[in-house]
Amino acid sequence: MSSQNTSIHGEWSSRLAFIFAATGSAVGLGNIWKFPYITGENGGGAFVIVYLICVFMICMPVMMAEIMLGRRGRHSPVNTMRALAQETGRSRGWQVLGWMGVLAGLLILSYYSVIAGWALAYIPRLASGLFTTVNTLPPEEVNQFVSLKFSDLITDPIQLLGWHSIFIIATILMVAGGVQKGLERAVQVMMPALFIVLLILVFYAMTTDKFMTGLHFMFDVNFKQLFYPHCETTTNCQFSGQGVLSAMGQAFFSLSLGMGSIMVYGAYLPRHASIAQTTAVVVLADTVVAILAGLVIFPIVFSHGLAPAQGPGLVFNTLPIAFGQMPAGSLFGALFFLLLTLAAATSAISLLEPATAWLVETGKFNRPWAAITCGLVSWLIGLATVFSFNIWREVTPLAMFAKFEGKTLFDLLDFLTANVMLPLGGFFIAIFVAWLMNNQKVAEELDAATQDRSYRFWRFLLRYVTPVGIGLVFLNVIGVIS
Ligand code: PHE
């Protein structure tokens with residue numbers, strides 16, 4: 001196998017197109033919906049710091065490794081890993097890493113699509129001016145009104161199913177279209193627009209009287225809160241590594257790492273494009289969007305006396321209040337949820353792509369049928385998430401373990417993928433690239449020399465920091481070390 005091969009699936013038209021696509025994959029619900037709510041659940045500042053450490057010390061080196069693997073392998077993650085294992089004289093068993101990625105992609109897409117459906121549902125809700133009602137309500141009823149609207153939506157399985165289906169169909173259509181058409185162009189307009197609307201919202205948040213409280217919540221570091229959660233409410237203060245695991249899982253999730261999305265995008269990367277620079281741009285953009293989202297949400301949370309730890313509904317229970325009160329808020333609000341849906345769509349296609357590319361490579365499917373088949377599987381699994389918010393709200397299959405008490409199917413799927421499968425994928429990618437592949441060839445693929453300082457630093461991070469970091473967090477969480 002030569003690294004000069006092009007992929008049978010096509011190629012990005014330029015390095016910039018790849019940057020947009022990879023940023024499109026990274027920036028999504030993870031930044032705007034998930035980051036604020038798990039930061040809220042884990043007490044703020046300390047969580048953010050651990051998250052940032054994971055992003056820069058653990059995930060950034062993995063992203064470079066993943067793009068590099070993809071570009072060298074030029075196939076779906078399954079066949080890329082098989083080819084590269086063969087090239088390096090290692091066991092074919094390494095393709096399991098590709099399989100795990102394909103599976104993780106379909107599982108994540110299954111719930112991702114349901115949440116993206118919420119964002120879709122909020123476009124007409126805002127456009128119709130529904131939330132301007134908050135101006136006519138006494139302040140103490142505002143929160144109730146907004147949260148009632150949210151629960152109206154999620155407790156109705158038929159509505160959720162409808163939005164979930166629309167979102168999956170749209171994702172399938174985009175993936176069926178292939179690499180260059182549509183996708184590249186959509187991302188180029190959408191990402192800057194999303195950024196601008198977020199900035200407008202940050203300015204709005206600055207005008208609320210609790211902006212500084214929000215800022216302190218996000219940046220005041222108090223490790224006690226992270227390691228000893230619920231200490232104020234109970235007397236039995238127990239150490240827990242769960243917060244650190246969530247931060248690490250979130251870093252992998254937000255950067256789309258550990259499951260082959262970035263690997264398969266790397267497979268479509270033209271030969272002469274700097275992987276290191278590309279990675280830096282994507283990581284920076286992703287991090288900035290997540291932080292901005294937090295800066296918007298928390299001041300609103302505190303100015304309205306809401307709870308930061310309210311879970312997945314956080315964004316939907318806070319932003320409509322802001323839009324309801326702002327001049328031209330219905331317009332901005334509809335635009336915001338439209339952009340959020342588009343951001344989710346550009347991530348969703350990268351979740352479906354590894355499985356689709358693999359099916360195409362089997363030779364038994366053309367691209368449209370491959371996309372339809374994989375999309376259908378995800379749609380079906382998605383029913384578990386749809387029902388987790390209504391008829392199966394009480395279904396908590398792992399309730400016998402204290403850690404999983406009260407966790408619905410959606411919670412468990414989210415935990416399994418983001419906190420287990422993705423970091424585990426990252427762990428094995430690091431081992432494969434930094435310990436098993438030929439150093440010379442890896443350097444070559446990255447356009448570096450093995451004695452370059454920056455190359456050696458990268459390899460050091462990947463050899464030691466990434467696997468040891470992930471390993472320690474895992475051992476801690478399963479209780480081997482505490
Ligand atoms: N990174 C995406 C987000 O933040 C989600 C995602 C995870 C996409 C894994 C692809 C792979 O929303």
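Student: Where does the ligand sit?
Tutor: The ligand sits in the largest cavity. A cavity here is a set of points on a 1 Å grid over the protein atoms alone where a 1.4 Å probe fits but cannot get out, and sitting in it means that more than half of the molecule's atoms lie within 2 Å of its grid points. This is a predicted model: local features need pLDDT of at least 70, side-chain atom pairs count only at pLDDT 80 or more, and totals for chains, interfaces and linings use all residues. Residues are numbered from 1 along each chain as its sequence is written, and side-chain values use heavy atoms, with hydrogens and water left out.

Student: Which residues come nearest to the ligand?
Tutor: Ala26, Gly30, Tyr112, Phe253 and Ser256 come nearest, out of 15 residues around the ligand. To count as near, a residue needs a heavy atom within 4 Å of the molecule.

Student: And which helices supply at least two residues of that shell?
Tutor: Helix H1 (15-26), helix H2 (29-41), helix H11 (242-254) and helix H15 (329-361) each do. Helices are DSSP runs (H or I, at least four residues), numbered from the N terminus.

Student: How do the shell residues divide into nonpolar, polar and charged?
Tutor: Six are nonpolar, nine are polar and none is charged. In this scheme Ala, Val, Leu, Ile, Met, Phe, Trp, Tyr, Cys and Pro count as nonpolar, Asp, Glu, Lys and Arg as charged, and the others, Gly among them, as polar.

Student: What lies 2.8 Å from an oxygen atom of the ligand?
Tutor: That is a backbone N or O atom of Gly30. A backbone N or O atom of Leu29 lies 3.1 Å from an oxygen atom of the ligand, and one of Ser25 is 3.2 Å from a ligand nitrogen. Taken alone, the ligand exposes 320 Å², and the protein buries 100% of that. Those areas come from the Shrake-Rupley method with a 1.4 Å probe.

Student: Back to Ser25: which side chain makes a polar contact with the side chain of Ser25?
Tutor: The side chain of Ser350 does, at 2.9 Å. A polar contact is a pair of N or O atoms within 3.5 Å; within protein, one must be able to donate a hydrogen and the other to accept it, and residues adjacent in sequence count only if both atoms are side-chain atoms. Ser350 is in helix H15.

Student: Why does Ser350 count as buried?
Tutor: Because its relative accessible area is 2%; buried means under 20%, exposed over 50%, and partly exposed in between (1.4 Å probe, protein chains only). Leu351, also placed in helix H15, is buried at 7%.

Student: New topic. Which way does phi go at Arg74, positive or negative?
Tutor: Positive, about 60 degrees, although Arg74 is not a glycine. Arg74 is in the loop between helix H3 (45-73) and helix H4 (77-87), and it counts as buried because its relative accessibility is 2%.

Student: What about phi of Ala328?
Tutor: Phi of Ala328 is near 55 degrees, again a positive value in a residue other than glycine. Ala328 is in the loop between helix H14 (314-325) and H15, and at 48% relative accessibility it counts as partly exposed.

Student: Last one: what does the side chain of Thr208 reach?
Tutor: The backbone oxygen of Ala205, at 2.6 Å. Thr208 is in the loop between H8 and helix H9 (211-219), and is buried at 14%.

Terms used
1 Å grid on protein atoms, 1.4 Å probe; cavity = no way out; pocket = protein on both sides within 12 Å on 5 of 7 lines; lining within 4 Å.
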